[in-house]
Amino acid sequence: MQEFRLPDPGEGLTEAEIVTWRVQPGDTVHVNDVLLEVETAKSLVELPSPFEGTVEALLVEEGQTVEVGTPIIRVSGGDRQAVETTLDTQQTVDRDEDGGAVLVGYGVRGGAETRRRKPHTVRDVPPPARASGGRPSPPASVPAASASPVIAKPPIRKLAKDLGVDLSAVAGTGLAGEVTRDDVVQSAQQASVFRNLETPEWSGGREERIPVKGVRKVIAQGMVDSAFTAPHVSVFTDVDATRTMEFVQRLKASTDFADVKVSPLLIMAKAILWAIRRSPQVNSTFTGDELVVHHYVNLGIAAATPRGLLVPNVKDAQSMSLLELAKALQQLTTTAREGRTQPSDMQHGTFTITNIGVFGMDTGTPILNPGETGILALGTIRQKPWVVDGEVRPRWVTTVGGSFDHRAIDGDVISRFVADVASILEEPALLLD
């Protein structure tokens, strides 16, 4: 009879929450079979079995938070194998019987299922009509299907199906009226906006008490440490991002970027990497006794997920091409929203971007990610009147703002850095220099 104790989750943590048991009493388990999922600092991790045998008892219930070293499962029969079990599964590699590399914790499985969240759909809300003033008006009725055939490529049809968008109700903006990816996404987003206008009912009871644990507990402690340790200074500037929007459209039309999500956030990320080379102090760590200036950029992207705020980072982003950076950002955000971000993906960040524009916000005063000295926020990009060559014209305008650790960076460096980022958004061609 052997007991499996909760291993050290790393990152200096002393506890973890039991999320889902993958086995039940009476099941037979082998080495590297996934026993359960636990939630530690902002990550959901599968724990493999270090031995084989028959499950006798589950010693901890789902939803319970336990300390490292606590017995969580009892297994009888079989011998314990020399398997190193850690939560940082991406850092530990074992070998299977055929000599191939296997991640311990994601090791050889007998067809074990992976839990995935179901995608949200917008099937019951049609895209809203446009009023004469340019603002969307609430949908009054479901529009009738168009009699003309819908022109859309198979990947676009699949995307529409996944998002619950009726292609017959979408006005194509492509060649000969072809429905593009942007048309489908915009239709889904508009429908989602009006769906969110519904007023939900209060849940039962006058109050709800939510335990502060897991991800929320880590976020709370990190924000307090950052806000009351580093003296934050924030700066903002409005930017004519019209050429950035045009550049994004050209990239979307490129065959090289056909299967990659392209957005203004990509250009913002590349602009930050360019500006950091001119003001390297913003990419540093203040230790109290010295300022450690990093000659590499692990670029963090703040991602809102069902489990809370995650800030995974793209390692060595400074050496990536625009296409490589686009693919890395897409993989990073997708993994975060699926709750599969590993602790190693959130360690050793040097600078962070937060895209508050996706929520319709113009700007904000973000709090620094602990250990970093700079964070930039990209606001929403919308058409506004803008003076160009002495004439007022409609332009795509955004606000770039950020917070910096004033212990490490002086105001002139901060201002120059933000101005450099703004200059790239105004003229992306500078990236070619």
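Q: Which residues do ring pairs link into a cluster?
A: This is a predicted model, and the structure holds three aromatic pairs. Ring pairs join three phenylalanines into a cluster: Phe-351, Phe-404 and Phe-417.

Q: Which residues of helix 7 does helix 5 meet?
A: Helix 5 spans residues 264-278 and helix 7 spans residues 411-426. On the helix 5 side the contact involves Ile-267, Met-268, Ala-271, Ile-272, Trp-274, Ala-275, Ile-276 and Arg-278. The residues of this contact divide into eleven nonpolar, one polar and two charged.

Q: What kind of aromatic pair do Phe-4 and Phe-51 form?
A: The ring centres of Phe-4 and Phe-51 are 6.4 Å apart, with 90° between the planes. Planes over 60 degrees apart count as edge-to-face. The pair formed by Phe-4 and Phe-51 is therefore edge-to-face.

Q: How many residues apart are Phe-4 and Phe-51?
A: Phe-4 lies in strand 1 (residues 2-5), and Phe-51 in the loop between strand 5 (43-48) and strand 6 (53-58). The pair links distant parts of the chain, 47 residues apart.

Q: Are Phe-4 and Phe-51 buried or exposed?
A: Under 20% relative accessible area counts as buried, over 50% as exposed. Both Phe-4 and Phe-51 are buried.

Note on methods:
Residues numbered from 1 in each chain as written. Predicted model: local features only at pLDDT ≥ 70, side-chain atom pairs only at ≥ 80, totals over all residues. Heavy atoms only, no water. Axes fitted to C-alpha atoms, helices over the stretch in contact; angles between N-to-C directions. Helix = DSSP H or I, 4+ residues; strand = E, 2+ residues; numbered from the N terminus. Contact = heavy atoms within 4.5 Å. Nonpolar A, V, L, I, M, F, W, Y, C, P; charged D, E, K, R; others polar. Phe/Tyr/Trp six-rings, centres within 6.5 Å; stacked < 30°, edge-to-face > 60°. Buried < 20%, exposed > 50% of the residue type's maximum accessible area, 1.4 Å probe, protein only.
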